Amino acid sequence: QVQLVESGGGLVQPGGSLRLSCAASGFTFSSYTMRWYRQRPGKERELVAQIRSIGSITNYADSVKGRFTISRDNAKNTVYLQMNNLTPEDTAVYYCKAQTLPHWGQGTQVTVSS
């Protein structure tokens, strides 16, 4: 069955960095566009970044462009989100998802606070 396991979240000071990982299984990872979403407190879940299966073409929300980098390792069935220059507005639960599959992982909490 499809499984998505996010990790790497935590508490970080403003201006700091974190690298999130999402280990995928149960589907042909290399064939799917992979996405990172986040849900900030009191807000709806929003798309943060995606990386296509072919050519690893990436797209980002305007709010994270230039600070976040999505990447993938198809040999490890893992997608990453490198987050730099974090601000308190980045505080959220972060989720990964395969674009056309309905499954979600449990998410990983990122808290940016001094």
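Start by selecting residues 92-98 and 108-112 in this predicted model. These are strands S9 and S10, which run antiparallel and are joined by 3 bridges.

S9 and S10 belong to an open sheet of 6 strands, and its order reads S2-S10-S9-S4-S5-S6. The pairing here is mixed. Stepping across from one strand to the next, you will see a twist that averages 25°.

Which strands stand at the edges of this sheet? Colour 10-12 and 58-60 to see them: these are S2 and S6. Each has a single partner strand, so one side of each is left without a neighbour in the sheet.

Select residues 68-73 for strand S7 and residues 78-83 for strand S8. The two pair in the antiparallel sense over 6 bridges. For a landmark, click threonine 69 and then its bridge partner in S8, glutamine 82.

From this pair, step out to the whole open sheet, in which 4 strands follow the order S1-S3-S8-S7. The pairing is antiparallel. Its edges are held by S1, at 3-7, and S7; because each has a single partner strand, one side of each lacks a neighbour in the sheet. Turn the view along the sheet to follow its twist, averaging 15° from one strand to the next.

To finish, show both sheets together: the one ordered S2-S10-S9-S4-S5-S6 and the one ordered S1-S3-S8-S7.

Definitions and conventions:
Residues are numbered from 1 along each chain as its sequence is written. This is a predicted model: local features need pLDDT of at least 70, side-chain atom pairs count only at pLDDT 80 or more; totals for chains, interfaces and linings use all residues. Side-chain values use heavy atoms; hydrogens and water are left out. Two strands pair if DSSP finds at least two bridges between them. Axes are lines fitted to C-alpha atoms, for helices over the stretch in contact, and angles run from 0 to 180 degrees between N-to-C directions.
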